[in-house]
Amino acid sequence: MTKPLADRIALVTGASRGIGYATALALAKAGAHIVATARTQGGLEELDDEIRKLGGSATLVPLNLTDFDGIARLGAGLHERYGKLDILVGNAGVLGPSSPIGHIELKSFTDVMAVNVSANFQLIRCMEPLLRQSDAGRAVFITSGAANKATAYVSPYAASKAALETLARAWAQETANTKLRVNLFNPGPVRTRMRATLMPGEDPATLDTPEQVAEFIVPMCAPDWTETGKFYDYKTRTLMSFRAPA
């Protein structure tokens, strides 16, 4: 039986653990060839082993996303090898400091923005030409409820996710008349290392797993997904449109 994402090329950032790892596996199970990026070589190799067990294939790209020239080289390499990109999952992100704003060093703030915003900006710049070469390019960025709640004590993270949402929505508008679809996905509280760092007293058994979340990301990457500029809220299982504040 033909797999729904057979012959499609999927780039997943932050693929060495958590939601990125689970999404890469789920996309591979659906038939996509995975281009997996992360800083952690060991995690990527473990992912590759699991994808091979599924009968899939992957290209591993150890890359710190703050290496913006490295992102450009990745885009050039994908162009040379495949001539297109079908799926982009912008998952990589960092939590940053958990402190009152006045206690946060400038470098700590700019480090969060570099990974959560600037790296995604560079991914958009470098991958859009490839996604436009696809018959059904799909981009999904992982966001957070902290963006609209303006959550106290994680202001760099909240601000970065708000910026990412605006960036993705603007890109969706710019590409609305193309075959490219751009959307956001909010997983909510999930059993990840980032969540454990933020909420060390929380029982992880009360949270859904990254594997459960990934099953809802995969359909947004499929050719038959038609929505763009939308926000999928995993907790409520609802696809939402953005609205101006009342």
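Predicted model: local features only at pLDDT ≥ 70, side-chain atom pairs only at ≥ 80, totals over all residues.
Close-up 1. Because a disulfide requires two cysteine sulfur atoms within 2.5 Å, the count for the model comes to 0 disulfides.

**Close-up 2. Thr40 in the loop between β2 and α2.** Thr40 lies in the loop that joins β2 (33-38) to α2 (41-53), where this threonine is partly exposed, with a relative accessible area of 35%. When its neighbours within four places in sequence are left aside, Thr40 is in contact with Ser16 and Arg17.

**Close-up 3. The pairing of β2 with β3.** Strand β3, made up of residues 58-62, pairs with β2 in the parallel sense over 5 bridges, and within this pairing Thr37 stands opposite Val61 in β3.

**Close-up 4. Strand β5 and its buried residues.** Strand β5 covers residues 138-142 and is mostly covered, since 5 of its 5 residues are buried. Arg138, Val140 and Ile142 point one way from the strand, whereas Ala139 and Phe141 point the other way, and all of them are buried.

**Close-up 5. The partners of β5, strands β4 and β6.** Strand β4 (residues 87-90) runs parallel to β5 and is joined to it by 4 bridges, with Gly90 standing opposite Phe141 in β5. Between these two strands the chain crosses through helix α4 (residues 106-132), and this β-α-β crossover is right-handed. Strand β6 (residues 181-186) also runs parallel to β5, to which 5 bridges join it, and Phe185 in β6 is the bridge partner of Ile142.

**Close-up 6. Helix α6 and its buried residues.** Helix α6, with 20 residues (155-174), reaches 28 Å from its first C-alpha to its last, which is close to the 28 Å expected at 1.5 Å a residue. The buried residues of α6 include Ser155, Pro156, Tyr157, Ala158, Ser160 and Lys161, and among them are also Leu164, Glu165, Ala168, Trp171 and Ala172.

Conventions
Residues numbered from 1 in each chain as written. Heavy atoms only, no water. Buried < 20%, exposed > 50% of the residue type's maximum accessible area, 1.4 Å probe, protein only. Contact = heavy atoms within 4.5 Å. Pairing = 2+ DSSP bridges. Expected span 1.5 Å × (residues − 1). Right-handed = clockwise from strand over helix to strand, strands pointing away.
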